[in-house]
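Please look over the structure shown below before reading the report on its computed features.

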Amino acid sequence: MVARIFWMYLMLMAVVSVNEPLHSSDKNGVVAENGEEILQRMKEREASLRLHQLRLEQEIADLEAKQKALEMRDLELERKIQQHMFSVLSLVILTLISLWKRN
């Protein structure tokens with residue numbers, strides 16, 4: 001029984017020592033840093049995010065331009081198909097009229 005209590009005590013101490021930070025920090029485990037360093041890192045991150053945003057906006061603009069070009073091509077193809085259908089229908093009607101007149 002005493003051995004088990006001692007074993008639990010050792011395990012508890014091992015867990016506490018592992019979870020305890022080795023460097024100086026406040027009670028939340030956050031390392032105290034210089035405010036200027038944090039500000040500099042935030043500015044660098046902001047700059048990289050702005051560049052990434054510009055790249056994404058350019059990519060979106062390119063994709064929208066490609067989409068619009070595809071839509072215009074589709075509309076042009078639909079118009080050509082309608083014209084060809086009208087031509088074919090006209091020829092079929094003329095052929096039927098000429099056959100009807102022969103009989």
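The report covers the basis of the model, the overall fold and surface, a nonpolar patch and the salt bridges.

## Basis of the model

This is a predicted model, in which local features need pLDDT of at least 70 and side-chain atom pairs count only at pLDDT 80 or more, while totals for chains, interfaces and linings use all residues. Residues are numbered from 1 along each chain as its sequence is written, and side-chain values use heavy atoms, with hydrogens and water left out.

## Fold and surface

The protein chain has 2 helices and 0 strands, where helices (H or I, at least four residues) and strands (E, at least two) are DSSP runs numbered from the N terminus. Of its 103 residues, 0% count as buried; buried means under 20% relative accessible area, exposed over 50%, and partly exposed in between, with a 1.4 Å probe and protein chains only.

The accessible surface of the protein chain is about 10,400 Å², and 65% of that area belongs to carbon and sulfur atoms. Such areas come from the Shrake-Rupley method with a 1.4 Å probe, and for residues only the protein chains shown count as cover.

## Nonpolar patch

Phe-6, Trp-7, Met-8, Tyr-9, Leu-10, Met-11, Leu-12, Met-13 and Val-16 make a nonpolar surface patch of about 940 Å². Patches are made of residues with over 30% relative accessible area and no salt bridge, like charges being joined within 9 Å and nonpolar side chains (Val, Leu, Ile, Met, Phe, Trp, Tyr) within 5 Å.

## Salt bridges

The whole structure holds 2 salt bridges, each defined as a side-chain nitrogen of Lys or Arg within 4 Å of a carboxyl oxygen of Asp or Glu. Arg-50 and Glu-46 form a salt bridge with an N to O distance of 2.6 Å, and both residues lie in helix H2 (residues 35-102), 4 residues apart, about one turn of the helix. Arg-50 is exposed at 52% relative accessibility, whereas Glu-46, at 39%, is partly exposed.

In the salt bridge between Glu-76 and Lys-80, the closest N and O atoms are 3.6 Å apart. Glu-76 and Lys-80 are separated by about one helical turn, because they are 4 residues apart in helix H2. Glu-76 is partly exposed at 39% relative accessibility, and Lys-80 is partly exposed at 37%.
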